[in-house]
Amino acid sequence: MTAQLPDPTPRPVPAGELRASHDDREAVVEQLRDAAAEGRIDLDELDSRLEQALTSKTYAELAVLTADLPKSQAAQDLPPLVLKGGMYGASRGPGRWEVPGHVVARAGLGGVSLDFTRAECRLAQVVVEAYGETSGVTIVIPDGWAADTTGMDPGFGGLKDKTTSDRLPGTPLIRLTGSGGMAGVVIRHPNKRERRKLDGDARH
């Protein structure tokens with residue numbers, strides 16, 4: 001009987017165990033200070049949470065510090081983000097950007113790429129209205145975020161939902177609406193190449 005060799009395939013790291021970056025910690029610090037200014041937490045608790053935020057190493061450790069706090073009203077007031085692929089395509093992300101409550105992505109001939117992996121989102125849910133049209137829309141959301149695609153019309157191009165339902169506390173829900181059109185809409189978590197880039201950036 002031959003010995004069973006260990007499976008060399010690397011196992012995906014659970015979303016909450018992914019390493020947090022300096023920007024991730026700073027975003028939580030800012031939210032905690034806003035909460036203290038609004039009287040939601042007292043100064044002693046603020047000091048305690050700030051200390052934990054600055055020493056947190058993972059997304060899960062950060063998430064628990066703001067899980068009982070409402071999202072900032074300022075983000076609710078942002079105008080909708082409209083991306084039109086046109087002839088040459090359009091994209092938002094993967095750099096830092098603030099997420100409004102409503103995003104419209106029209107692929108056109110060039111396609112649209114919408115990457116939330118480094119976005120700052122203070123809302124409980126975000127409506128993404130995607131139209132695949134001729135060249136398709138690709139949406140990338142961080143591990144720990146979840147998507148509701150029940151309001152989406154797949155059209156001819158179809159809808160590919162490659163996300164998991166493992167939503168972390170304090171993270172937004174992406175409500176996907178619109179139509180797949182001819183080329184379809186894809187919503188997924190980062191692929192291996194994107195994960196390597198995120199991990200590399202987090203170490204710097």
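## Basis of the description

A residue is called buried when its relative accessible area is under 20%. By that cut-off tryptophan 145 is buried, because its relative accessible area is 8%. The model is a predicted one, and the description below should be read with that in mind.

## Pairing of the strands

Strand E3, residues 102–106, pairs in the parallel sense with strand E1, residues 81–84, over four bridges, and E3 also pairs in the parallel sense with strand E5, residues 125–131, over five bridges.

## The aromatic cluster

The structure holds two aromatic pairs. In one of them, tryptophan 97 and phenylalanine 116 lie 5.2 Å apart from centre to centre with 40 degrees between the planes, which is a tilted arrangement. Tryptophan 97 belongs to the loop between strand E2 (90–92) and E3, and phenylalanine 116 to the loop between strand E4 (112–115) and E5, so this pair ties together parts that are 19 residues apart in sequence. Both tryptophan 97 and phenylalanine 116 are buried, and phenylalanine 116 counts as buried because its relative accessibility is 0%.

Phenylalanine 116 also pairs with tryptophan 145; the ring centres are 5.7 Å apart and the planes are at 50 degrees, so this pair is tilted. It links distant parts of the chain, with phenylalanine 116 in the loop between E4 and E5 and tryptophan 145 in the loop between strand E6 (137–140) and strand E7 (146–153), 29 residues apart. Trp97, Phe116 and Trp145 form one aromatic cluster.

## The nonpolar cores

The largest nonpolar core has 26 residues, of which Phe116, Val128, Ile139 and Ile174 touch the most other members. Two or more residues come from each of E1, E3, E4, E5, E6, E7, strand E9 (173–179) and strand E10 (185–188), and E5 gives the most, with three residues. Leaving aside neighbours within four places in sequence, isoleucine 139 is in contact with residues including Leu114, Phe116, Val128, Ala130 and Leu176, and its contacts also include Val185, Val186, Ile187 and Arg188.

A second, separate core consists of 13 residues, among them Ala20, Val29, Ala35 and Leu65.

## One face of helix H3

In helix H3, residues 59–66, the residues Leu62, Ala63, Leu65 and Thr66 are buried. Seen down the axis of H3, these buried residues fall within an arc of 160 degrees, so they line one face of the helix. The buried residues of H3 pack against helix H1 (22–37) and helix H2 (43–55).

## Surroundings of aspartate 115

Aspartate 115 has its place in strand E4, and it counts as buried because its relative accessibility is 9%. Apart from neighbours within four places in sequence, aspartate 115 is in contact with Arg92, Gly93, Pro94, Trp97 and Val140. The C-alpha atoms of aspartate 115 and serine 91 are separated by 7.8 Å, although these residues are 24 residues apart along the chain.

Terms used: Residues numbered from 1 in each chain as written. Predicted model: local features only at pLDDT ≥ 70, side-chain atom pairs only at ≥ 80, totals over all residues. Heavy atoms only, no water. Pairing = 2+ DSSP bridges. Buried < 20%, exposed > 50% of the residue type's maximum accessible area, 1.4 Å probe, protein only. Arc of directions from axis to C-beta. Contact = heavy atoms within 4.5 Å. Phe/Tyr/Trp six-rings, centres within 6.5 Å; stacked < 30°, edge-to-face > 60°. Core = buried A, V, L, I, M, F, W, Y, C linked by side-chain atoms within 4.5 Å.
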